[in-house]
Amino acid sequence: MKYTFHIVDVFSSTPFGGNQLAVLPDAAGISTEGMQKIAREFNFGETTFVLPKNDPANTCRVRIFTPRAELDFAGHPTVGTACALVMKQHERLSDPIRLILEEIVGPVTVDVAQRNRGFHGTLTLSGKIEAPTGAPSPTDLAAVLSIEPAEVSKVFFAGVGVPFCFAQLSSNEVVDRAAINRAAWAATLARAWGPHVFFFAGNLRDGGKLYARMWAPALGVEEDPATGSACAALVGAMASEPEFGGMAYRLSIQQGVSMGRRSEIEAEARKSGSVVTSVSVGGATTYIASGEIDVPPSALVS
């Protein structure tokens with residue numbers, strides 16, 4: 001049976017940048033095992049499968065797969081799927097369109113607008129920011145990154161649906177120089193609460209600009225050019241700090257540069273009193289291609 005797919009580059013306003021995503025806009029009838037095999041076939045960071053909604057108030061249901069596993073939530077697939085669906089229905093937008101995607105983490109709101117003749121999506125989550133203790137020491141994390149302990153200034157866990165280990169490094173040059181030590185990763189992070197490592201340099205204060213990379217060996221992702229779920233968790237964790245008394249915390253993140261896939265991500269957390277009420281992640285999405293994939297009967301629901 002033939003299924004349509006679209007390919008988009010997320011968090012990039014130009015082709016061949018950002019994070020690649022394959023979207024199957026009408027995936028009804030494909031089994032869970034079939035979805036996993038299709039994601040492995042595309043071999044992008046993630047592939048999404050759009051299904052009929054369970055709640056009439058929502059737009060559709062979306063399942064997200066890496067080449068190795070299904071995810072409860074992920075940033076670039078959520079933004080990219082919403083933009084891909086709007087792109088195929090509207091050449092031009094006079095007003096923003098709001099979609100509500102049913103994901104395992106819960107309903108995720110995405111606002112899609114047209115900016116400078118391109119499409120821009122912003123997702124908003126109202127879920128709690130998880131930030132458990134027990135993160136590795138700077139020394140242990142430095143071993144994972146193949147850098148010096150003195151070049152690691154801060155290590156912490158945080159997540160919104162996907163658990164990350166965050167590490168603040170001393171400079172962009174150190175971020176570029178880092179190389180994964182698989183033995184150290186297996187010993188330090190493979191069984192940790194947050195096995196995926198997002199490391200960055202820059203100013204973490206409200207309005208700061210960061211330069212980042214992300215590795216997720218446990219998901220079959222050697223390196224990710226844009227990680228919206230990590231940016232959501234990071235800005236939420238920073239806004240949760242008791243010393244931040246403002247109502248909105250914003251970060252601009254550049255990622256994927258060393259991979260030749262520059263990504264630009266805007267992240268914001270909203271706070272009421274001492275509680276973070278929502279986190280948002282946004283950026284441009286660029287259309288690349290459409291086609292059909294022939295799905296064999298063995299990958300369909302019997």
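Student: Why is strand S11 called largely enclosed by the rest of the structure?

Tutor: Buried means under 20% relative accessible area, exposed over 50% and partly exposed in between, with a 1.4 Å probe and protein chains only. Six of the seven residues of S11 (residues 196–202) are buried, so the strand counts as largely enclosed. This is a predicted model, in which local features need pLDDT of at least 70, side-chain atom pairs count only at pLDDT 80 or more, and totals for chains, interfaces and linings use all residues. Residues are numbered from 1 along each chain as its sequence is written, and side-chain values use heavy atoms, leaving out hydrogens and water.

Student: How many bridges join S11 to S12?

Tutor: Six, and S11 and S12 (residues 208–215) run antiparallel. Ala 201 has Tyr 211 in S12 as its bridge partner. The hairpin of S11 and S12 has five residues between the strands, and Gly 207 there takes a positive phi near 85°.

Student: Why is Leu 85 called buried?

Tutor: Leu 85 has a relative accessible area of 15%, so it is buried. Leu 85 lies in helix H2 (residues 75–87).

Student: What does Leu 85 contact, leaving aside neighbours within four places in sequence?

Tutor: Contact means heavy atoms within 4.5 Å. Leu 85 is in contact with Pro 25, Val 50, Cys 60 and Leu 99.

How values were computed. Helix = DSSP H or I, 4+ residues; strand = E, 2+ residues; numbered from the N terminus. Pairing = 2+ DSSP bridges.
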